[in-house]
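Hi there,

Here is the structure I promised to pass on.

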Amino acid sequence: MSRAHCSAALLRLPRGYLALLVGQTVSLLGSQVTMLALPLTAITLLGAGPVQTGLLLACGRAPYLVAGPFAGVIVDRLPHRWILLIANLVMAATLATIPLLAGLGHLGMVQLCTATALVGVAAVNAEVAYLACVPTVVDRTRLVQAQSLLELSQASAVAVGPFLAGWLVSTFSAPTAILADSASFLLAAALLSLVPMRAAAGSAAGPTQLFGQMAEGLTTVFGTPILRAVTLATGTFIFWYNAYSAVFLLHLTKDLGLEGGTVGMVLGIGALGGVVGAVTAPWAGRAIGLGPVLMVALALSAGGMSLAALLTRPWWAALMCVALSQFLLSVGQGIYNVQQVPIRYALAPHRLQGRVNASIRSVVWGLAPLGALVGGAAGAALGLRATLLASSVLGAASVLWIWWSPLRHTHSLRL
């Protein structure tokens, strides 16, 4: 997508979506700081090992499994803007407690895990509300365009975020750097005043009706072959990616001996691949078709992951391998996300968007904490490099779900 095309696309999208876009991008930029600063806080300040870092990652993902289905019902019944506002404020306040407790000398793994879990609960509701909100403010004919712009802006934030995180961690400290994420959520909350308010869908439901509504979302996902295939493929990849992530920073800091600033620089270079993926995704989808491009993107992501553990010496070669690893991973995920998210808009009824998105995220991210725990245990038992390589190979198996489904021969879906 050229600069001229990008500007034209922005002009054709409504102001409400642009406010959402900016808010999501800013909050993601802040979250990139936390993604580096939070585990570094555990590793450097609290002496965490692979089991502890795996547990910390699992605490952030567990709410998707527990709270995800309820989030879908909430989002389908309440105004999206208020859900997003409350969630952003909760995340801002919770993250601010980490540097406060660290400064007072009372920060421990219990406090870190609790804060991570609470932020995860708020994030579940915010992400489901955002996904359900997009088709209410953007015309259906422009949903792929809107998703491509979102992926491009988020890929840019992901590319800049590690550099910012590395600088903040090196200049101040890992706990203090988390304040940048807290501030980003406050800005995202302020931008929500520009987003149209959707009226509530109805009155509160009783327990029986509530579980029936949650089941309706799951039934839609698993009763639709293409949605089922994408959900299982994404879930398989996310499981093994979180196993990989549980030991990845430990590999960089322990095996390679990298400092926080160097880690941020390498990850930032790698994250530029997300920009490449978001830009090329629409063209790639048109060129080879929806199903094939999803399989290629997953295979590229898994192949990229494997390169991180390829070398440990010489230092410069290991550094280049890690950067290339993250670059290819980001390219693959950028392409995959642009292509797979609009599938939900095309196949799920409008009244079920919240529940379908929540069901998918519950399944996909519900597997994430299990993957993180498996990765932490494997890192302690097998070693960091062996865990990284095994997770990469097993992550490539996610392609099989699409290969065995109608998506394999699907070129496009009508939105």
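Let me begin with Asn125, which is found in helix α6. Helices here are DSSP runs of H or I with at least four residues, strands are E runs of at least two, and both are numbered from the N terminus. Asn125 is buried, with a relative accessible area of 16%. For that label, buried means under 20% relative accessible area, exposed means over 50%, and partly exposed is in between, using a 1.4 Å probe and protein chains only. Leaving aside neighbours within four places in sequence, Asn125 is in contact with Ala71, Ile74, Val75 and Ile83; contact means heavy atoms within 4.5 Å.

Before going further, a word on what you are looking at. This is a predicted model, in which local features need pLDDT of at least 70, side-chain atom pairs count only at pLDDT 80 or more, and totals for chains, interfaces and linings use all residues. Residues are numbered from 1 along each chain as its sequence is written, and side-chain values use heavy atoms, with hydrogens and water left out.

**Confidence**

The average pLDDT of the protein is 84, and 91% of the residues score at least 70; pLDDT is the predictor's confidence in each residue, from 0 to 100. Where pLDDT is low, the predicted coordinates should not be read in detail.

**More single residues**

Helix α6, which spans residues 109-137, also holds Ala117. Ala117 is partly exposed, with a relative accessible area of 25%. Not counting residues up to four places away in sequence, Ala117 touches Cys59 and Pro63. Ala117 and Ser362 are 245 residues apart along the chain, and their C-alpha atoms are separated by 15 Å.

Val66 is found in helix α3 (residues 50-66) and is exposed, with a relative accessible area of 59%. The C-alpha atoms of Val66 and Gly366 are separated by 7.7 Å, although these residues are 300 apart along the chain.

Val393, in helix α16 (residues 384-395), is also exposed, at 62% relative accessible area. From Val393 to Tyr336 there are 57 residues in sequence and 18 Å in space, C-alpha to C-alpha.

Thr231 lies in helix α11 and counts as buried, at 1% relative accessibility. Apart from neighbours within four places in sequence, Thr231 is in contact with Val221, Ile360, Val363 and Val364.

How many aromatic pairs does a search of the whole structure find? There are six. Rings of Phe, Tyr and Trp (its six-membered ring) pair if their centres lie within 6.5 Å; planes under 30 degrees apart count as stacked, over 60 as edge-to-face and the rest as tilted. Trp167 and Phe172 form an edge-to-face pair, because their ring centres are 5.9 Å apart and their planes stand at 90°. Phe172 counts as exposed, at 52% relative accessibility.

Phe237 and Tyr241 are a stacked pair, because their ring centres are 6.2 Å apart and their planes are at 10°. These two residues are four apart in helix α11 (residues 225-255), so about one helical turn separates them. Phe237 counts as buried, at 3% relative accessibility, whereas Tyr241 is partly exposed, at 25%. Together with Tyr244 and Phe248, Phe237 and Tyr241 form one aromatic cluster.

**Cavities**

The structure holds four cavities of 30 Å³ or more. A cavity is a set of points, on a 1 Å grid over the protein atoms alone, where a 1.4 Å probe fits but cannot get out, and lining residues have an atom within 4 Å of a point. The second largest cavity has a volume of about 80 Å³, where volume is the space filled by probe spheres set on the points, with grid points joined across faces, edges and corners.

Residues lining the second largest cavity include Ala19, Gln24, Asn88, Tyr130 and Val195. The elements giving two or more residues to that lining are α2 (15-46), α5 (80-104) and α9 (179-191), and α2 gives the most, with five. The lining divides into eight nonpolar, four polar and no charged residues.

Best wishes

Conventions
On a 1 Å grid over the protein atoms alone, a cavity is a set of points where a 1.4 Å probe fits but cannot get out, and a pocket is an open set with protein on both sides within 12 Å along at least five of seven lines; lining residues have an atom within 4 Å of a point. Ala, Val, Leu, Ile, Met, Phe, Trp, Tyr, Cys and Pro count as nonpolar, Asp, Glu, Lys and Arg as charged, and the others, Gly among them, as polar.
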